[in-house]
Amino acid sequence: MTASGLTRYGVERSRLGAQPVVTLHDRAGNRHVRVALHGAALLGFEVPFGDGLHDLADGYRDADEVQRRPGSRFAIMVPFAGRVADAHYWFDGVAQDLDPGASGSERASRHGFVRDTLFDLDRLAADDAAASVRLTTAAIRPRPGYPHAIDLAVEFTLDDAGLCLDACMENVGDSLAPCFFGWHPYFRLPGGGLVDDWPLQIPAQTLIRTGADLIALPGDAAYVALDDAPALDFREPRRIGDSILDQGYTDLEADADGRIRTRLGDPSRGFALALWQERGVMHAFTADTVARDARRAVALEPMECMADAFNRPEWADAIALPPGATRHFRCGIEVTGT
């Protein structure tokens with residue numbers, strides 16, 4: 001219990017304009033996480049730094065951005081993350097078109113179906129160990145190009161270790177469904193400025209090479225050992241410098257506890273964070289093309305499978321979710337140097 005008699009952790013419901021918001025509080029540690037029900041998008045993660053607080057999350061700033069979702073900041077991406085090439089794919093022997101009737105640049109299916117969904121508030125909980133919120137949606141139902149039904153639950157938990165996101169996907173339809181999870185966080189370091197001086201470490205052995213359309217090259221050509229791509233090699237921590245990243249990384253190496261950590265910042269300089277995941281790929285984006293504050297945040301995106309996995313035979317087993325089955329994907333944020 002805190003000195004006031006309240007539990008250490010608390011939860012609060014509020015609004016950002018017209019948008020419903022839930023806040024998780026760590027009263028003793030002075031950490032605060034805000035999540036919008038629209039899209040289950042994380043809006044902020046304030047942590048102590050210096051004499052005040054630093055919001056390491058570069059999320060949506062107001063209700064209008066929550067509604068318009070520019071840059072897909074902290075988007076929950078299900079049943080696929082990233083792009084689907086030309087919005088076409090084959091699954092279980094059937095050709096599918098996610099954008100029937102569209103042509104040219106309008107065929108831009110990406111980031112799944114729940115970014116514009118108002119999630120249901122399923123559960124709030126808080127005690128001396130943690131605060132959590134569980135959000136659910138049944139919005140993924142049969143539609144053009146996706147004749148499947150997926151129930152999705154997303155739970156955010158704030159505790160001593162940091163922030164954990166646990167996504168649960170359940171196939172409630174009667175057919176095998178392609179489905180995988182991705183998250184699209186944007187992070188910023190104290191002091192602002194461009195990302196160029198920020199140290200980055202991605203524990204990957206392989207780069208996913210794409211064409212100009214940002215779709216991975218066919219077959220084995222998509223995979224390049226980082227020994228052969230030194231300009232995009234962040235296996236050891238180094239400044240981002242003038243690197244322009246919109247890049248997937250795979251063959252990720254886990255730490256001794258089984259978690260794969262992509263690190264941003266330098267604790268010796270006062271602040272660092274780690275984005276952890278249990279499996280999958282990492283996509284890094286230096287936000288060069290966003291509408292506001294270009295190159296002032298880094299998107300570190302843990303994904304269960306690579307972008308365009310619906311069209312990749314090597315990912316066929318990973319995306320397949322049988323009827324009645326559930327699958328979890330867990331990731332989270334750790335902060336040091338505060």
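**A friendly note on the salt bridges, core and backbone**

1. Let's begin with a charged pair: Arg239 and Asp197 join their side chains in a salt bridge, at 2.8 Å from N to O. Arg239 is partly exposed at a relative accessible area of 45%, and Asp197 is partly exposed with a value of 45%. Please keep in mind that this is a predicted model.

2. The loop between β15 (186-187) and β16 (199-201) also holds Asp196, whose partner Arg295 sits in the loop between β23 and β24, 99 residues apart. Is Arg295 buried or exposed? Arg295 is buried, because its relative accessible area is 11% and the cut-off for buried is under 20%. Asp196, at 21% relative accessibility, counts as partly exposed.

3. Arg295 deserves a look at its backbone as well. Its phi is positive, about 60°, although Arg295 is not a glycine. The residue lies in the loop that runs between β23 (281-285) and β24 (298-303). For background, most residues other than glycine have a negative phi.

4. Arg69 is another non-glycine residue with a positive phi, here near 50°. You will find Arg69 in the loop between α1 (63-68) and β6. Its side chain meets that of Asp116 in a salt bridge of 2.9 Å, N to O. Asp116 lies in the loop between β8 (94-97) and β9 (120-126) and Arg69 in the loop between α1 and β6, so this pair ties together parts 47 residues apart in sequence. Arg69 is partly exposed, with a relative accessible area of 22%, and Asp116 is partly exposed with 45%.

5. What is the count of salt bridges? The count comes to 32. A network of salt bridges links Asp55, Asp58, Arg61, Glu65, Arg73, Arg188, Arg292 and Asp293.

6. Now for the nonpolar side of the picture. The largest nonpolar core has 92 residues, and those with the most contacts inside it are Phe45, Ile76, Tyr146, Phe156, Trp183 and Tyr249. Strand β11 (residues 150-159) supplies the largest share of this core, five residues. There is also a second, separate core of six residues, which includes Ala41, Leu43, Tyr60 and Val66.

7. Leaving aside neighbours within four places in sequence, the residues in contact with Ile76 include Gly39, Ala40, His111, Val114 and Arg115. Also among them are Leu152, Val154, Leu165, Phe181, Gly182 and Trp183.

8. The peptide bond from Val78 to Pro79 is worth checking on your screen: this bond is cis, with omega near 10°. Pro79 is found in the loop between β6 (75-77) and β7 (88-91). In general, most peptide bonds are trans.

9. Finally, a hairpin. Strands β4 (residues 42-49) and β5 (residues 52-55) pair in the antiparallel sense over four bridges. Phe49 stands opposite Gly52 in β5. Two residues lie between the strands of this hairpin, where Gly50 takes a positive phi near 60°.

Methods
Residues are numbered from 1 along each chain as its sequence is written. This is a predicted model: local features need pLDDT of at least 70, side-chain atom pairs count only at pLDDT 80 or more; totals for chains, interfaces and linings use all residues. Side-chain values use heavy atoms; hydrogens and water are left out. A nonpolar core is a set of buried Ala, Val, Leu, Ile, Met, Phe, Trp, Tyr and Cys residues joined through side-chain atoms within 4.5 Å. Buried means under 20% relative accessible area, exposed over 50%, partly exposed in between (1.4 Å probe, protein chains only). Contact means heavy atoms within 4.5 Å. Two strands pair if DSSP finds at least two bridges between them. A salt bridge is a side-chain nitrogen of Lys or Arg within 4 Å of a carboxyl oxygen of Asp or Glu.
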